[in-house]
Amino acid sequence: MPSLTRKMTKTGTRLRVHATFAAAASLTLALSGCTKLETESPSSVRNAAGTQAARTDDAGARTGGTQARAGGLGTVDCAHAKCIALTFDAGPSENSARLLDILKEKQVPATFFLLGKRHIDTYPELVRRMADEGHEVASHTWTHKILTDAEPDEIREELERPNKEIERLTGERPALMRPPQGRTDDTVHRISRELGLAEVLWTVTAKDYKTNDSDLITERVLDQSSRDGIILLHDIYDGTVPAVPGIIDALKKRGYVFVTVPQLLAPGKAEPGKVYR
């Protein structure tokens, strides 16, 4: 399997990538600019869908008809189960095969927000495997360009290019994207809406771009995790994948059920142009 362009070209590129992701440490800062960012929680999406379904059922009963609830729950009902979503950014990488082995062994689905350049185009077989094994495959842009610093045409290119490649490889067009560093604004919302993409942020971050200490990564995730949480990890870093088995086992002991982001929202669905966390 190819190395991630020789481990992200080891020193120079690793420093560049480290600096790029380090800003994600202050998501609050990124989300607290001049424009107020409105986000929707998984529970609010589920509740709204449940209310609409109840109205539909009631209307069907009054007319003597039968109506099915929209948006199947699949195997997990997160309105009752203690759900949490495991998500990974910036892959696939040379570490992703091992991660997929772990997830398969633990029977845990995840949501992968994939980068295009040096990732999707370097590990196409891993993109296919993610989809084939039941994981949600989504976009993290093509080059990790900060979308709020880009012109509209650049934003569209950053989002459309990975969409096309993922669809070509898996047969499914992504419905979700995660903006680099969590930075987004009205222009990004508008273009995402045009492209049929909802934006997904996170509630738990291990800051694994700052450490290769797997025990510390595990501790940070466990300290922040709560029901309906969205965990942000990066499988491109050496300390992250070794931490995953311990994270999964510990959270399962606490009664958590792992789901993909779409499962976390069901019976509701992510709407293009909206932001979820």
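Modeller: Helices H9 and H10 are oblique to each other, a word kept for angles that are not under 35 degrees (roughly parallel), over 145 (roughly antiparallel) or 65 to 115 (roughly perpendicular). The model is predicted, so local features need pLDDT of at least 70 and side-chain atom pairs pLDDT 80 or more, while totals for chains, interfaces and linings use all residues. Residues are numbered from 1 along each chain as its sequence is written, and side-chain values use heavy atoms, without hydrogens and water.

H9 covers residues 214-224 and H10 residues 240-253; helices here are DSSP runs of H or I with at least four residues, and strands are runs of E with at least two. Their axes come within 8 Å and cross at roughly 40°, the axes being lines fitted to C-alpha atoms over the stretch in contact, with angles from 0 to 180 degrees between N-to-C directions.

Contact means heavy atoms within 4.5 Å. On the H9 side it is made by Ser 214, Ile 217, Thr 218, Val 221 and Leu 222; H10 brings residues including Pro 242, Gly 246 and Leu 251.

Leu 251 and Val 221 are also among the contacts of Ile 231, leaving aside neighbours within four places in sequence. Ile 231 and Leu 251 are among the residues with the most contacts inside the largest nonpolar core, which has 35 residues. Such a core is a set of buried (under 20% relative accessible area, 1.4 Å probe, protein chains only) Ala, Val, Leu, Ile, Met, Phe, Trp, Tyr and Cys residues joined through side-chain atoms within 4.5 Å. H10 gives the largest share of this core, 6 residues.

Conventions. Buried means under 20% relative accessible area, exposed over 50%, partly exposed in between (1.4 Å probe, protein chains only).
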